[in-house]
Amino acid sequence: MGRQSTPYRRIRVRPVSDALGAEILDVDLSQDLSDEVFAEIHRAHLEFSVIVFRDQQLSPLRQKAFSARFGTLMAHAIERFRHAEHPEVMVMTNLKDAAQRSVGASRAGFEWHSDQSYKPAPALGSMLYGIECPPVGANTEIANMYAAYEALPADRKALIENRYGVHDYAWAWETYYKDRPPLTDAEKAKLPPVLHPLVRVHPETGRKALYLSEGMTRCIEGMPEEEGRALVQELNDFATQPRFVYSHEWRAGDLVFWDNRCLLHRATPSDPQYRRVMQRTMVQDDSLVRRLAAVSA
């Protein structure tokens, strides 16, 4: 993973797997952090791509405050999944109201994906906070797309260089979420397909990573639909081999922050008899937003 040589002086960092990820120890996110401590947390996020904080006690406000240290917050595109008082917070739960309606996203993200890749400026990173977690199941699996790109055979690297994937939210909804009410015409109009390079250069580390997913990349621009979809699936399957994956086993009080620019992730099922309540915030890639604004100006 290209460990940095500079030691951490204000936080303790413990790797959680050979593939990626580290636990940040002895940091209380319910308190304000100094700029020096935050700078080391930011460096750990870039170095390990996913960071884990255990035993946190976070209100939605405190989660938003910590998330906003990394950039502007993004609300989920579908309003029905947003926290009633904090729209930047997405509620992910299997709980239902008195009318047996879901009070959040109940079956979300079982396919490999990168959050908000269906937008022109996808999310920089996502923070998921566990409030109530099933005792078994419901892991979050996270795949290292730096390592996957680096391990690709040379012919596959040449094939995908300068090609673009078609990221299509409406297609993903209709393909994978048949148990949900269909998107409205207004929701579809807000989410047209977008193009992103299959090989993305990380804006802060400068490293190349694969950028595609079975769950959101419908096909590849300039290729016949079925051929492009088959290549997306091939690359997705290659990138999500166990050697590239960290599986996070949730405990109540965990906050996990992953870098969407160089990772894929997916949820795993759990027994519905157990309550599951999570809150997610997403951080906008402000540098990409500024570049897009400059191009369109």
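Colleague: What should I keep in mind about the numbering and the model before we start?

Modeller: Residues are numbered from 1 along each chain as its sequence is written, and side-chain values use heavy atoms, with hydrogens and water left out. The model is predicted, so local features need pLDDT of at least 70 and side-chain atom pairs count only at pLDDT 80 or more, while totals for chains, interfaces and linings use all residues.

Colleague: How many helices and strands does the protein chain have, and what makes a run count as one?

Modeller: There are 8 helices and 16 strands in the protein chain. Both are DSSP runs numbered from the N terminus: helices are H or I with at least four residues, strands are E with at least two.

Colleague: Why is Arg200 called buried?

Modeller: Buried means under 20% relative accessible area, exposed over 50%, and partly exposed in between, with a 1.4 Å probe and protein chains only. Arg200 has 11%, so it is buried. By that cut-off, 54% of the 297 residues of the protein chain count as buried.

Colleague: Where does Arg200 sit, and what is it in contact with?

Modeller: Arg200 belongs to strand S10, residues 199–201. Contact means heavy atoms within 4.5 Å. Beyond neighbours within four places in sequence, the contacts of Arg200 include Arg207, Tyr211, Arg261 and Asp285. As for Leu231, it is 31 residues from Arg200 in sequence and 17 Å away in space, C-alpha to C-alpha.

Colleague: And Pro15, why is that one called partly exposed?

Modeller: Its relative accessibility is 44%, so Pro15 falls in the partly exposed class. Pro15 is found in strand S1, residues 12–15.

Colleague: How do you know that the span of helix H1 agrees with its number of residues?

Modeller: The expected span is 1.5 Å times one less than the number of residues. H1, residues 35–48, has 14 residues and should span 20 Å; its end C-alpha atoms are 20 Å apart, so the two agree.

Colleague: What makes H1 mostly covered, and which elements cover it?

Modeller: In H1, 10 of the 14 residues are buried, among them Val37, Phe38, Ile41 and Leu46. The cover for the buried residues of H1 includes S1, strand S2 (22–25), strand S3 (50–53) and helix H2 (60–67). Just after H1, Ser49 takes a positive phi of about 75°.

Colleague: Which class do Asp26 and Asp55 belong to, buried or exposed?

Modeller: Asp26 has a relative accessible area of 65%, so it is exposed. Asp55 is exposed because its relative accessible area is 59%. Asp26 lies in the loop between S2 and H1, and its phi is positive, about 60°, although it is not a glycine. Asp55 lies in the loop between S3 and H2; its phi is positive too, about 55°, and it is not a glycine either.
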